Amino acid sequence: MVLLFAKFDGDFDAEVLNDLILEKTGREISPSALNMTFGTMPSKFKPSYYTLNTLSIYCGYASWDDFCGLPTS
């Protein structure tokens, strides 16, 4: 099951989403990285490739590149 948040609401949602991601993918994203990705924590940096890959895998894609529709080499 993929859970999509209508409104990502900080630490609680980040913990829940991290648990769901870990259960489905075996990969973790820290709550702070999730909060920065979803804009509930300020950051001057873009999400890491690891974070984007992990979220893509959680959503059923093979990778971030697959999600973006980029050809694989």
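Me: What links Tyr61, Trp64 and Phe67 into a cluster?

Reply: In this predicted model, ring pairs join Tyr61, Trp64 and Phe67. The structure holds 2 aromatic pairs. A pair of aromatic rings is described by the distance of the centres and the angle of the planes.

Me: Why is the pair of Tyr61 and Phe67 called edge-to-face?

Reply: The ring centres of Tyr61 and Phe67 are 5.1 Å apart, and rings pair if their centres lie within 6.5 Å. Their planes stand at 90 degrees, and an angle over 60 counts as edge-to-face. The pair is therefore edge-to-face.

Me: Why is the pair of Trp64 and Phe67 called stacked?

Reply: Here the centres lie 5.3 Å apart and the planes meet at 20 degrees. Planes under 30 degrees apart count as stacked, so the pair of Trp64 and Phe67 is stacked. Both residues belong to helix 4 (residues 64-68), where they are 3 residues apart, about one turn of the helix. An α-helix has 3.6 residues a turn, so residues three or four places apart point the same way.

Me: How do you know whether Trp64 is buried or exposed, or something in between?

Reply: Trp64 has a relative accessible area of 25%. Buried means under 20% and exposed means over 50%, so Trp64 counts as partly exposed. Tyr61, at 35%, is partly exposed, and Phe67, at 42%, is partly exposed as well.

Me: What makes Lys46 an exposed residue?

Reply: The relative accessible area of Lys46 is 77%. The cut-off for exposed is over 50%, and Lys46 is therefore exposed. Lys46 is found in the loop between helix 2 and helix 3. From C-alpha to C-alpha, Lys46 and Met36 are 8.4 Å apart in space, and they are 10 residues apart in sequence.

Me: What makes helix 1 roughly perpendicular to helix 3?

Reply: Helix 1 (residues 11-25) and helix 3 (residues 49-58) pack at an angle of about 70 degrees, and their axes are 10 Å apart. Angles from 65 to 115 degrees count as roughly perpendicular, so helix 1 is roughly perpendicular to helix 3. Helix 1 makes the contact through Leu17, Leu20, Ile21, Lys24 and Thr25, and helix 3 through Thr54, Leu55, Ile57 and Tyr58. By class, this contact has 6 nonpolar, 2 polar and 1 charged residues.

Me: How do you know that Lys24 lies over the face of Tyr58?

Reply: Lys24 lies at 5.4 Å from the ring centre of Tyr58. A charge sits over a ring if the distance is within 6 Å and the direction is within 35 degrees of the ring normal. Lys24 is accordingly placed over the face of Tyr58.

Me: Which pattern does the chain follow along the sequence?

Reply: The pattern is α-α-α-α, and the secondary structure comes to 4 helices and 0 strands.

Technical notes: Residues are numbered from 1 along each chain as its sequence is written. This is a predicted model: local features need pLDDT of at least 70, side-chain atom pairs count only at pLDDT 80 or more; totals for chains, interfaces and linings use all residues. Side-chain values use heavy atoms; hydrogens and water are left out. Axes are lines fitted to C-alpha atoms, for helices over the stretch in contact, and angles run from 0 to 180 degrees between N-to-C directions. Helices (H or I, at least four residues) and strands (E, at least two) are DSSP runs, numbered from the N terminus. Angles under 35 degrees count as roughly parallel, over 145 as roughly antiparallel, 65 to 115 as roughly perpendicular and the rest as oblique. Contact means heavy atoms within 4.5 Å. Ala, Val, Leu, Ile, Met, Phe, Trp, Tyr, Cys and Pro count as nonpolar, Asp, Glu, Lys and Arg as charged, and the others, Gly among them, as polar. Rings of Phe, Tyr and Trp (its six-membered ring) pair if their centres lie within 6.5 Å; planes under 30 degrees apart count as stacked, over 60 as edge-to-face and the rest as tilted. Buried means under 20% relative accessible area, exposed over 50%, partly exposed in between (1.4 Å probe, protein chains only).
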